[in-house]
Amino acid sequence: MTRTFDPFREMDRLFGEGFRTATPAPMPMDLYRRGETFVAQIDLPGVDPGSIDIDVEDNTLTVRAERLRENLDDVRWLSHERPTGTFARQLSLGRGLALDDIQADYRNGVLTLTIPVAEEAKPRKIAVSHGDDQKAAIESQAS
């Protein structure tokens, strides 16, 4: 199969690879389980706590937050790397979580969500009755 050489496409590809940098997620998150709860810690530095909105619908938890840009009309930017605007992050929650008991706390630029495991999803021990107990009950009824 013959391919035609397109110098512009090749230049775009090379420049794209050469200048591509990894951009961090605007809402980096750590997620872990501690005992019977899951904990999500989401970095939201510079966010007004009043702008944080957390919804749960159909086992999807959505976190939205807004970081406003400072009104600096008379400046000449030398570097502008901190993202501004509205950010959102979604987590697909599995079954067996107590969605009505989710707690949220925002301190020092970190939003901490605590998501407990539902009581019905926690492991339980089931007692096993012994055959001797049934035999004794049958003998006492026969007497």
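A polar contact is taken here as a pair of N or O atoms within 3.5 Å; within protein, one atom must be able to donate a hydrogen and the other to accept it, and residues adjacent in sequence count only if both atoms are side-chain atoms. The structure is a predicted model, in which local features need pLDDT of at least 70 and side-chain atom pairs count only at pLDDT 80 or more, while totals for chains, interfaces and linings use all residues. Residues are numbered from 1 along each chain as its sequence is written, and side-chain values use heavy atoms, with hydrogens and water left out.

The chain averages a pLDDT (the predictor's confidence in each residue, from 0 to 100) of 79, and 73% of the residues score at least 70. Confidence is lowest in helix α1 (residues 7-19), with a mean of 55, and highest in strand β6 (residues 103-107), at 96. Helices (H or I, at least four residues) and strands (E, at least two) are DSSP runs numbered from the N terminus. Where pLDDT is low, the predicted coordinates should not be read in detail.

Arg67 belongs to strand β4 (residues 60-67). The residue is buried but has no salt bridge; Asp43, the nearest side chain of opposite charge, is 8.9 Å away. Buried means under 20% relative accessible area, exposed over 50%, and partly exposed in between (1.4 Å probe, protein chains only). A salt bridge requires a side-chain nitrogen of Lys or Arg within 4 Å of a carboxyl oxygen of Asp or Glu. The side chain of Arg67 instead reaches the backbone oxygen of Pro83, at 2.7 Å. Residues in contact with Arg67 (heavy atoms within 4.5 Å) include Leu44, Val47, Pro83 and Phe87, with residues up to four places away in sequence not counted.

Beyond four places in sequence, Val63 touches residues including Met27, Ile42, Phe87, Leu111 and Leu113.

Three salt bridges are counted. Glu36 pairs with Arg33 at 3.6 Å, N to O; Glu36 is partly exposed at 35%, as is Arg33 at 47%. Arg64 and Asp55 are joined with their closest N and O atoms 3.5 Å apart. Arg107 and Asp105 meet at 3.0 Å, N to O; Arg107 is exposed at 58%, whereas Asp105 is partly exposed at 32%.

Definitions and conventions: Lys, Arg positive; Asp, Glu negative; His and termini not counted.
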